[in-house]
Amino acid sequence: MEPATAVSSEDEEWDSDELDERDEIEANSEPVDRYDSKLYYPLTIGEVLDKRYKIVHKLGWGGCSTVWMAHDTRERKYVALKILTSAMRGHRHGESDAINEHLQGQRKFNLVTYHEAFVLLAGKGLHVHRVLVFPVMGPSLDDTCGLGMPTSTHMHYRMSAAWQLLLSLKDLHKAKVVHRDLNPGAVMWGMKSLDEYDTTDIYQHLGRPRQFDLGRLWKRGDLVKPMTIPETLREDNSYLGDFGMAIKDGTPVTTKVQTPTIFCAPERFHKADPSFASDMWSYMCIFAWLYLGFHPVRGRGGVQVMSDLVDTLGPLPEKWRGDFKYYDQQGDDGWYDQSWVPVEHETLMSEVARRQPAVSQEEQELVVRVFEKVFYFEPTSRWTAAQLLEDPDFIDLMGRYYFWIWRMLDVVIQMGGMHSGVPQEATVVATSTNPSASATLLTIGLLQHQY
């Protein structure tokens, strides 16, 4: 591949408005130096990749990739191109083809997999960038619930995401796959199809790309501010993706700890491989964040996270003593002192009591019971995704905010207890005013119908 001639902007003079625009683009985009080091693949709007995919806009970026909206000129639809960071020719990283194909075989719409892949040569061809072709999805939970959708007005959406994520995790674990990197960035809302629109219409909905020339690189490239997807295009369905770290259950790995560490199960700091149970810990951290509006564990790194957990839940298992490993950080022997008791103002109940808007004492106790089903240090004691979906406490809490649950309950009842797979006597229970009993019936019906 011949290097393209780059247009330099290094010596241009910028007025104050242009400098403000450049600063805003840089503040909301990937680090420029990652292009200088040839880690990211430089692109321009309108560029065509693989003789097929015309770049339309930037969707986002992460530590291992940039993600672009492109028009598939062959299939006449919009797709998302995940362009991975560079690797030496003959080497690869990112999503595993074997895991991807295995998940595609499960035929679960809520697990996002790529349907094509190709390679871009970089520079003199010594490095390559793998490109994965996905359906276009909406913003992640990190993008929406992190910056908007406050608990005071958007609990329906927050609990909807929590419910749907648990269903997705159940399907993933049924397929014998451990996600290993579960965090709010891996969960995405759906997005209404834009396939009938041309580029002009697309920019009317999403805004024109805001960009500036990156300067002298091995090929022309622009730094493009990621689009903001308007609420009118976001769908209420949510999906689980980002399987770049996913493994088959029981697979040993070298990198045990998950980042950000506030979502990492404690045993993974103590030489344990990722598991279904560690995924469930990560799920409950996300659930707590969605319900509370803040992270109950606020430390960074390994030592601070462990210290926060011990203050909240009590001592770590004695058998873990001496196994803590997180870079060059040293563990604290006090974490394993079995006489340690949680700090009064940092218990789970204290965390729930800090939630705004405040909820009743009865609901606070309900939430803590849900937390305690998964926030066990011992992995074998944690509830599975399937078990939590059938738990009356969990469904009771869901039903207080995610009203779809009760509409579905009516459907299950109308279908008739025996015909829906629900025992006939349970139909009578569903008409009671006990939301927990009703929720149990609903869950049985939904799970047996494979919602």
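Author: Happy to! Let's begin with helix 3 (residues 97-106), whose buried residues pack against helix 5, strand 8 (177-178) and strand 13 (247-248). Contact here means heavy atoms within 4.5 Å, and buried means under 20% relative accessible area, with exposed over 50% and partly exposed in between (1.4 Å probe, protein chains only). Helices (H or I, at least four residues) and strands (E, at least two) are DSSP runs, numbered from the N terminus. Please keep in mind that this is a predicted model, in which local features need pLDDT of at least 70 and side-chain atom pairs count only at pLDDT 80 or more, while totals for chains, interfaces and linings use all residues. Residues are numbered from 1 along each chain as its sequence is written, and side-chain values use heavy atoms, with hydrogens and water left out.

The buried residues of helix 3 are Ile99, Asn100 and Leu103. Looking down the axis of helix 3, you find them within an arc of 100° (taken from the directions from the helix axis to the C-beta atoms), so they line one face of the helix. An α-helix has 3.6 residues a turn, so residues three or four places apart point the same way. On the face of helix 3 turned away from the buried side sit the exposed residues Ala98, Glu101 and Gly105.

Both ends of helix 3 are worth a glance too. At its start, a side-chain oxygen of Ser96 comes within 3.2 Å of the backbone nitrogen of Ala98. After helix 3 comes Arg107, which has a positive phi, near 55°.

Now step across to helix 5 (residues 155-174), where you will find Ser160. Ser160 counts as buried because its relative accessibility is 4%. Its side chain is joined to that of Gln164 by a polar contact of 2.8 Å. A polar contact is a pair of N or O atoms within 3.5 Å; within protein, one must be able to donate a hydrogen and the other to accept it, and residues adjacent in sequence count only if both atoms are side-chain atoms. Not counting residues up to four places away in sequence, Ser160 touches Asp236 and Tyr402.

Strand 12 (residues 234-240) pairs with strand 9 over four bridges in the antiparallel sense; two strands pair if DSSP finds at least two bridges between them. Arg234 in strand 12 stands opposite Met191. Strand 9 (residues 187-191) is mostly covered, with five of its five residues buried.

Next, the nonpolar cores. A nonpolar core is a set of buried Ala, Val, Leu, Ile, Met, Phe, Trp, Tyr and Cys residues joined through side-chain atoms within 4.5 Å. The largest one has 74 residues, and Met159, Tyr283, Phe287, Phe371 and Phe394 have the most contacts inside it. Helix 7 gives the most to this core, with twelve residues. Another core lies apart from it, with 24 residues that include Ile25, Trp68, Ala70 and Val79. In soluble globular proteins, nonpolar side chains tend to be buried together.

Leaving aside neighbours within four places in sequence, Tyr283 is in contact with several residues, among them Ala162, Trp163 and Leu166, as well as Phe394. Helix 7 (residues 276-292) also holds Trp289, which counts as buried because its relative accessibility is 5%. The C-alpha atoms of Trp289 and Ala162 are 10.0 Å apart, although 127 residues separate the two along the chain. With neighbours within four places set aside, the contacts of Trp289 include Leu141, Cys145, Arg158 and Pro184.

Strand 2 (residues 53-62) runs antiparallel to strand 3, joined to it by eight bridges, and Ile55 stands opposite Ala70. Two residues lie between strand 2 and strand 3 in their hairpin. Strand 3 is also joined to strand 4 (residues 77-84) by eight bridges, again antiparallel, with Asp72 opposite Lys77. That hairpin has four residues between its strands, and Arg76 in the turn has a positive phi of about 55°.

Stepping back, the protein chain has 15 helices and 13 strands, and 51% of its 451 residues are buried. Among contacts between residues at least 6 apart in sequence, 68% join residues at least 24 apart.
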